[in-house]
Amino acid sequence: MATMSAYPTHRMFLLVFLLLPVFSAGVNMPDKTHVKTWVEQLSRSIEDFEKNLPFTTIGKTFDNKTEGVEKVDGMALIQEMAEKVAQMLENKTEALKRAVTVAESAAANHNFTKDITESNLVNYYKSKDPSYNDLSSILTPNEKFRQSVNTTVSSVHIPVEIYEKDPDILNALMWSHELDKVFTENYEDDKEILWQYFGSQTGFMRSFPASLWKMTDDVDLYDVRRRPWYTQGSSSPKDMLILIDTSGSVVGQSLQLMIVAVKSILDTLGENDFVQIVKFSNKAETVGCMQGFVQANYRNKKYLSSVVDNLEANNMANISKGLEYAFNQFDAFENSTEAGVGAHCNKMIMLLTDGGTDNGDEVFKRRNFNRPLQDRVRVFTYAVGQNPNPTKDIAWMACANRGRFSEIPAMGAIRARVQDYVTVLSGSYNTELPLWTSVYRDRLGLGMVVTVTLPVYNRAPSGSNQTILGVMGIDVTTEQMKHFSPAWKLGPSGYTFAINTNGYVIFHPRLKIHNEIEDTPNLDFLDIESENDKKEQLRQDMIDGKSKEEEITTFVSSQDGNHVLEETRKYFYTPIGNTSFSLGLALPRYQNYVMKLTDFTEAKAKEMINLLREQDTAKLLAPWKYYKSSSVTQNQNSSVVVEDLIAALENNYSQTPDNFNTEEMRQLYVDMKVSKSTFSMVKDLMALKMYRPRSDDLHTLFYSSDGNDTGTTNTTAVFLATYGGLTTVYPKHEAVVMESYRDPWQSAYFRRALHYDQNFMFHAPYTLGPLDNETTPTVMVTHAVIGSKLQSTPSAVVGMVVTHDFLVEHMNEISATSGSSSVNSCKDVDSAVCFLVDDGAFVVAANHPDYKQQIGRFLGHVDAGLMSQLYGDVYLRVEEVDYQATCINWGNQTSAASLGFRIPSVNLLFEILTFNWWNSIWTWTMVNLNVYSWFSSPPTVTAFTNEPKEYICSKKKAQYYFNPNFKEDTNGIIYPCDENCTRDYVARRVPKSNLLFVVISSTCPDCYESANSKNLIQEPVEMQIADQDVCNQTARYRRNPAKCYDFDDRETNPGCGGPISTPVSVLLVVIATVLTLALARLS
């Protein structure tokens, strides 16, 4: 126990030394018996809260305003939702098929024109050029698309590295213009339809309705052929082995080109693909810790991208050894019985080398040519760099093994060349079955979407029926799918979700949307929910398309992420017809019934207007759409929502009652009636001052206990929050206290009160750091309102906001009057520190003035030694990793950066590259690739600007909860910093609440222990995914697409080994390149 003395320094040290054995034994500190007495008194006072928060009376009022209850049938709800979602998706599929039919007919009937120019195109609008054909003048704002569009025409996006006046491009633009008519018809037939688009194999994208392109960087590097919906829609899944030559001859630029090329290849892979990276020189080995093929999901690709940065060049190249190792990996992979591993469709080797004379012929004869043609491993080869090594043999490898040979002489050629393999694979992809993609962020601004796709084939008599011209797609947002969720019957904590056959989430309330960040991680269902054996089985059943009901005990996080509870929930799930999705529904323990309410009539509408306008209390409304045409947004405050609803009721209800959402309006009307009678009661209590006489009683809530009629109140506000989105606050001027909680369903206090429906819940607003000295801490006290005749159906939460000083005064009085004079009480702040801590280990109240600004903080940051003792005994914790967190790069350090980012005129230069005087596609392409290479040169150490940039990262956090096996109280001795100073403590649960009472001797002088020093993690901290975290992953159960398209006997590959032709002189190319580089250097 720490001690203080007023003696001179030398005498004080002597006294401390002599008395140390006595103090360390805990003299004057309360024992478990004393603390039990204090806590029992505190608990009785808390139970008396009902006289100020009459939740039982309010529950009876709700009983009288309803017509009973209706049982929530989870299976019936999820099946009904699945049918509605399936019908909506089927409508989009039929629209897609109509568009594909038109596209194939238009392409088949088009006569190729070699001399075509842009002037021959009709209604041609460039998304990136608002002035071309005056696109900006024909666009009008559209709420559904969240931007200005034109719903009668389409617009076209062409990647920067593609020559937009190439005859192949212009001819495809001409025949694809026919799509505008069917796009418009689809839009008129289905008002819910969103983006429709055609991605051409040549690289352009025609999207409907027409809109302006949104630039996300200085250079627009968007290429439709690299989007997930295109790659998934143009070929079957792949098992890919990337084989990298790291011999000494590739040192320098060639190796840097290979590293970037590998990352570009990884970008073309999706969650249905599997990948492995192998390096070779005089021997071969797998790159990184992943010994085998792994799913090409976001996390695995991110790891592989990071490890290839560490490649080094040395030794002599032996391509045959590399190939032998590659085929060994395929053999081991194919013979594996591990569930869920492998696409088991297209098998391919991607060989990157600087050339050579070893063609691996002997290896191919033994390991590939002896297989049936349809089972052979494809080989794609890339000659990387400008070294003069022979390429004939590596070209032969590709042609002999159903692949393609490509040259990558410079950085700018990478994107175009690595995706050539998709064209080859599409030659065997012959399907008329629509494919639904996984979820991804819409590049055009609609949030998270899934896309239904179909390939468009060349049906011309002179063409080949399996040649893909491109991919057609139609988007559906996850919000459109969630719209069919029976939210009203699920309650605040119930929810629906969907996953695909990889077990990845399509939508879920915990799925985050990062609108300004390009890459969106694939999130497994078990990454987003607490994992246990029953959840794993549920996930597998959903992947297998089963319909079922399960009860699962699981951890549930609070809305703010600071608390967690263990609860048994009911899960219901069923497949969505004709898709690869399965739909799930989760119900909390208390959501077994919903109230049956009377119809909302015109008379009630008029009465509601008067209730909303009453001035004696503040009415806060959740930013919900109480009527269908409402323009209310989540960012608008309550007063705007209230006035908007009043205006709608006055002006529209009598004429268009169907415009109002029935369930919301029924509930809101009942809520307002109950609220009116509740606050008549509360105001009477406050006016009578009937609870003032006893200063040791919490009945003094409404007035200070100093005995003076100063008007000072211990209660800042009293409120009632309801299922209908209404929060009524008294007194009115304290409405600002609850404004941030104006949506009860999205507020942690509301949901937690419903879960702990028999307890008073104490909640101090969370703070990461200490409060400033000007902030007066307050504490929210809440209790659920349960109808006595409504099968324990919750209907509201009643609460008050009290001052922290009031709780401390009461805690001090109880400990002083209920104990012995020989025992330190909470009033003895220099000797005993008293805490009230909640179920998440956050400080709710503390007696010592030094801790007043720590209210709302995690106890580990306030008293790490104490929290360390309580953890494992009183508290347990759940640790989780948030794989969709965001971190900020502040840009204040030096790092590897592309040289191109330092050139301000990059857009102008790219425009220069499209001038007509280039005369040929070959000249334009070669110069563009070299200039692009110059802009995107290998990483160079440069200084970043101080502009912060957000990126997706993983963060680890912990949530604490009361140990269910804790036996009421505990005590012990802490030895902080120095064993010569000890601290005694006693802790006890406070019944009928979420509080823990703790008394501990004061801190030792000159001793500070941090939460980190005690491994007391709580708030999210960025986590670097080390090799072990990645490599110890166990593959989860998944199912491959129903059919694999990896072979077609009509497949041809005429361009497997041919470089680009050279129709103009090399001198012209050189002159053009030099001029472009000179212009760039001058800028």
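Q: Which residue does a disulfide join to C826?
A: A disulfide is a covalent bond between the sulfur atoms of two cysteines. The search criterion is a pair of cysteine sulfur atoms within 2.5 Å. Here C826 is joined to C834, S to S 2.1 Å. The disulfide of C826 and C834 is left-handed, because its torsion about the S-S bond is about -95 degrees.

Q: What kind of model is this?
A: This is a predicted model; local features need pLDDT of at least 70, side-chain atom pairs count only at pLDDT 80 or more, and totals for chains, interfaces and linings use all residues. Residues are numbered from 1 along each chain as its sequence is written, and side-chain values use heavy atoms, with hydrogens and water left out.

Q: How many of the residues score at least 70 in pLDDT?
A: pLDDT is the predictor's confidence in each residue, from 0 to 100. In this chain 84% of the residues score at least 70, and the average is 84. Over residues 689-699 the pLDDT is below 50.

Q: Is C1044 buried or partly exposed?
A: Buried means under 20% relative accessible area, exposed over 50%, partly exposed in between (1.4 Å probe, protein chains only). C1044 is partly exposed, because its relative accessible area is 29%. Its disulfide partner is C345, S to S 1.8 Å. C345 counts as buried, at 3%.

Q: Where do C345 and C1044 sit in the chain?
A: Helices (H or I, at least four residues) and strands (E, at least two) are DSSP runs, numbered from the N terminus. C345 is in the loop between α10 (319-334) and β12 (346-353). C1044 is in the loop between α29 (1027-1031) and α30 (1066-1082). The pair links distant parts of the chain, 699 residues apart.

Q: Which residues have the most contacts inside the largest nonpolar core?
A: A nonpolar core is a set of buried Ala, Val, Leu, Ile, Met, Phe, Trp, Tyr and Cys residues joined through side-chain atoms within 4.5 Å. The largest one has 76 residues, and L89, L173, W229, M472 and M481 have the most contacts inside it. Helix α4 (residues 74-109) gives the largest share, 16 residues.

Q: Which residues does V674 touch?
A: Contact means heavy atoms within 4.5 Å. V674, in helix α21 (residues 662-688), touches I58, T61, F62 and K65, not counting residues up to four places away in sequence. The C-alpha atoms of V674 and F62 are separated by 6.6 Å, though the two residues are 612 apart along the chain. V674 counts as buried, because its relative accessibility is 0%.
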